[in-house]
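Have the structure open while you read.

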Amino acid sequence: MPTSDANSLRVDRETSLDFPKGSGRRGLVGDLLYQYQGFWCFAKGIESIKDFQQNFKALDTDLVIASVPKSGTIWLKALAFAIVNRSRYSCSSTSKNYLHHPLLTVSPHELVPFIELKHIFTANSPIDETTNGSPGRIIATHVPCPSLPESIKTSTVNCKIIYLCRNPRDTFISLWLLTNKLRELPAIAGPSLSIEEAFEFFCDGAAVFGPFWDHVLGYWKESLKNPHKVFFIMYEDLKKEPKVHLKRLAEFMGCSFSLEEEKQGVIDDISSLCSFDHMKNLDVNKNGTWLRSMGNKVNFRKGEVGDWKNYLTPQMVKRLDSLMEEKLKGSGLVFQH
């Protein structure tokens, strides 16, 4: 059972959860994966998620950033933080206050922490779960929609969810390459996966918080049912027309850009501040660390659309496309490549 003492949780293979012998399986991490409420996760992660579900109390002003791992999450975190806090921190490089912007010296993963990791990595950006701040809390999660705490899902709490979805081809490649980076860490210490082996895991759904199709469908369907609460956005659309979608994001968050801000170039300033190339080249993201031993630089690879073409064989593409067509049939959700 989850412990109420967060400090007693350690990043290792020990767990207080009891899983049936042989119920774990290998997947896109170093540890064994176990099924919990229809998705796969490592044992310590499930323990922390249970605590999240039981103890987190959402507030009306909360903004939740949700995604499948390696869908551009760190970019959306930066954008959301910059949009919500633009009156406090100038995003214009010509402003005398620009150098004080937190995004220049702190990782977006620390400014917008993963709530389900809070009880494992206690030193990283603890979240005050009892008081409301201004302009409100921004938190992140990879937990599938059906498994979110009831306080987030309920219609009686007005917190909002932004879900970033990336096409499965690029998501898989980024996830595979990150997995091999993580497997080099002493806390995981596993052999690298070949792309063929990783691809089998992905198609089987055996990735952390997978299957991929169940994850995206959960948030997609909720966005159709409750568009005022869940904003579903494609990574590729955000890359193609950042200004258009930043305006939509700000409006959904309840902090629309004024005409004066648009004239002053505030949207362009935010886009530039949070651009992949700019973020990647900041010292904190080149030399800083996150989760104790993992360098921030592993979160910044290419950020490109279509990089899958350099890795996937035609046979892999055909199989993945057929799988997505089967799993997403009738949902209205279509991926453009």
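## Helix packing around α6

α6 and α14 are roughly parallel to each other (the label for angles under 35 degrees, with over 145 called roughly antiparallel, 65 to 115 roughly perpendicular and the rest oblique), because their axes cross at roughly 10° and come within 11 Å. Before going on, some ground rules: this is a predicted model, where local features need pLDDT of at least 70 and side-chain atom pairs count only at pLDDT 80 or more, while totals for chains, interfaces and linings use all residues. Residues are numbered from 1 along each chain as its sequence is written, and side-chain values use heavy atoms, leaving out hydrogens and water.

Helices (H or I, at least four residues) and strands (E, at least two) are DSSP runs numbered from the N terminus, and the protein has 14 helices and eight strands. Axes are lines fitted to C-alpha atoms, for helices over the stretch in contact, with angles from 0 to 180 degrees between N-to-C directions.

| Pair | Angle | Axis distance |
|---|---|---|
| α5 (residues 168-182) and α6 (residues 195-204) | about 125° | 10 Å |
| α2 (residues 73-84) and α9 (residues 242-253) | about 60° | 11 Å |
| α6 and α14 | roughly 10° | within 11 Å |

Who touches whom (contact means heavy atoms within 4.5 Å)? On the α14 side, I195, E196, F199, E200, F202 and C203 of α6 meet M316, R319, L320 and L323.

α5 and α6, at their angle, are oblique to each other. From α5, P168, F172, I173, L175 and W176 meet I195, A198, F199 and F202 of α6. This contact has nine nonpolar residues, no polar and no charged.

Which residues of α6 are buried (under 20% relative accessible area, with exposed over 50% and partly exposed in between, using a 1.4 Å probe and protein chains only)? They are I195, A198, F199, F201, F202 and C203, and their cover includes α5, α7 (212-225) and α14 (314-328). Just past α6, G205 takes a positive phi of about 85°.

## The other pair, and the cores

α2 and α9 also come out as oblique to each other. L76, L79, A80, I83 and V84 of α2 make the contact with L246, L249, A250 and M253 of α9, and those residues are nine nonpolar, no polar and no charged.

Two of these contact residues, L76 and L249, are touched by I162, a residue of strand β5 (residues 160-165). At 0% relative accessibility, I162 counts as buried.

A nonpolar core is a set of buried Ala, Val, Leu, Ile, Met, Phe, Trp, Tyr and Cys residues joined through side-chain atoms within 4.5 Å. In the largest one, with 62 residues, I152, F172 and L312 touch the most other members. A second, separate core of 41 residues includes Y235, M253, L282 and V284.

Zooming out, 55% of the 337 residues are buried. Of the contacts with a separation of 6 or more, 74% come from residues 24 or more positions apart.

Definitions and conventions: Contact means heavy atoms within 4.5 Å. Ala, Val, Leu, Ile, Met, Phe, Trp, Tyr, Cys and Pro count as nonpolar, Asp, Glu, Lys and Arg as charged, and the others, Gly among them, as polar. Lists of a residue's contacts leave out its neighbours within four places in sequence.
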